[in-house]
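I opened a notebook for this chain and wrote down what I looked up, entry by entry.

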Amino acid sequence: MKIAIIGAGNLGVAIAKGILHSNGATSMYLTKRNISSIKDFEKYGNVTVTSDNRAAVEHTNILIFAVQPGHFAKILLEIKDVLTENHVIISTITGFNIDKIEAIIGTAYPIIRSMPNTAISVGQSMTCMCSNNEGGKSITLAKAIFNRMGHSLEIPEEQMQAATVICASGIAFWMRLIRATTQGAIQLGFDAKEAQELAMHTCNGAASLLIESGNHPEQEIDRVTTPKGCTIEGLNEMEHQGLSSSLIQGIVSSFDKISQIKNK
């Protein structure tokens with residue numbers, strides 16, 4: 001596959017690393033206004049680094065856009081006349097719906113909205129996606145790309161904003177929980193490096209248990225809580241202090257903010 005990533009910022013670079021590490025592209029173009037920070041990608045041999053978006057489009061057939069929302073419309077107008085029937089457009093732009101894309105380039109192209117997260121750089125992204133009518137023919141291709149770098153789920157477009165909060169912002173939410181667990185471990189006597197190692201791998205193990213078993217979290221909680229034991233004591237104290245409610249409130253607040261961004 002000949003892939004262009006238009007906008008090699010933090011997310012674009014993460015996607016590029018994920019694709020390259022999984023051998024998911026025969027060739028790749030990376031674009032950015034200032035290419036100095038991404039020149040190292042040329043060491044892969046099959047990667048071209050450029051600030052020329054049109055050249056990237058002309059030499060590839062799968063276009064992954066990872067630019068800032070305020071720049072997206074201008075870039076679409078810039079490359080519109082070099083699009084062909086062979087191009088598949090994959091947008092990772094928050095709050096920029098398919099109707100807005102079609103209003104600029106037309107309805108003849110497969111258009112897929114995807115929302116990966118930065119764990120894509122280590123092959124562990126949770127990526128949600130939706131498409132227009134033409135894109136329905138290419139959604140399997142898009143899922144194949146992103147499944148090489150984690151897990152993907154096709155959803156209705158009206159759920160994309162919520163998915164952005166749960167999956168993309170969710171990385172930061174989980175990082176904060178891991179940090180808090182690390183701090184707790186330090187208070188109990190572990191040094192900082194050991195504490196983070198304990199927190200990271202325990203978090204990874206918890207998620208892996210649910211993925212492999214398909215169980216509800218409460219089923220796994222029941223396996224480690226004993227009557228009058230230390231686990232239930234800790235869980236109850238966390239709930240008394242508002243752990244679950246504060247997480248839910250934070251998720252809803254994040255969703256409210258992304259809804260405001262969309263409506264501007």
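Entry 1, a charge and a ring. I looked at Lys100 and found that its charged end sits over the ring of Phe96, 4.4 Å from the ring centre. For this label, NZ of Lys or CZ of Arg must be within 6 Å of the ring centre and within 35 degrees of the ring normal. The model is predicted, so I note that local features need pLDDT of at least 70 and side-chain atom pairs count only at pLDDT 80 or more, while totals for chains, interfaces and linings use all residues. Residues are numbered from 1 along each chain as its sequence is written, and side-chain values use heavy atoms, with hydrogens and water left out.

I wrote the rule down before counting: rings of Phe, Tyr and Trp (its six-membered ring) pair if their centres lie within 6.5 Å, and planes under 30 degrees apart count as stacked, over 60 as edge-to-face and the rest as tilted. How many aromatic pairs does this rule give? The count is 3. Phe41 and Tyr44 are a stacked pair, because their ring centres are 6.0 Å apart and their planes are at 25 degrees. I also looked up how covered these two residues are. Buried means under 20% relative accessible area, exposed over 50%, and partly exposed in between (1.4 Å probe, protein chains only). Phe41 has 7%, so Phe41 is buried. Tyr44 has 33% and therefore counts as partly exposed.

I went on to Phe72 and Phe96, which pair edge-to-face, with 4.8 Å between centres and 70 degrees between planes. This pair links distant parts of the chain, 24 residues apart: Phe72 is in helix α3 (residues 69-79), and Phe96 is in the loop between β5 (88-91) and α4 (98-105). Helices (H or I, at least four residues) and strands (E, at least two) are DSSP runs, numbered from the N terminus. Are Phe72 and Phe96 buried or exposed? Phe72 is buried at 0% relative accessibility, and Phe96 is buried at 6%.

I found Asn53 in helix α2 (residues 53-58), buried at a relative accessible area of 10%. Which residues does Asn53 touch, not counting those up to four places away in sequence? I listed Ile6, Thr31, Ile75, Glu78 and Ile79; contact means heavy atoms within 4.5 Å. Ile75 is 22 residues from Asn53 along the chain, and their C-alpha atoms are separated by 7.9 Å.

Ser254 lies in helix α10 (residues 243-263) and is buried at 19%. Leaving out residues up to four places away in sequence, Ser254 touches Val165, Ser169 and Phe173. From Ser254 to Leu235 I noted 19 residues in sequence and 25 Å in space, C-alpha to C-alpha. Trp174, in helix α6 (residues 160-187), is exposed at 54% relative accessibility. The C-alpha atoms of Trp174 and Cys203 are separated by 8.9 Å, with the two residues 29 apart along the chain.

I noted 10 helices and 8 strands. The chain has 264 residues, and 39% of them count as buried. Its C-alpha atoms fill a box of roughly 70 × 40 × 35 Å, taken along the principal axes. Among contacts with a separation of 6 or more, 59% are between residues 24 or more positions apart.
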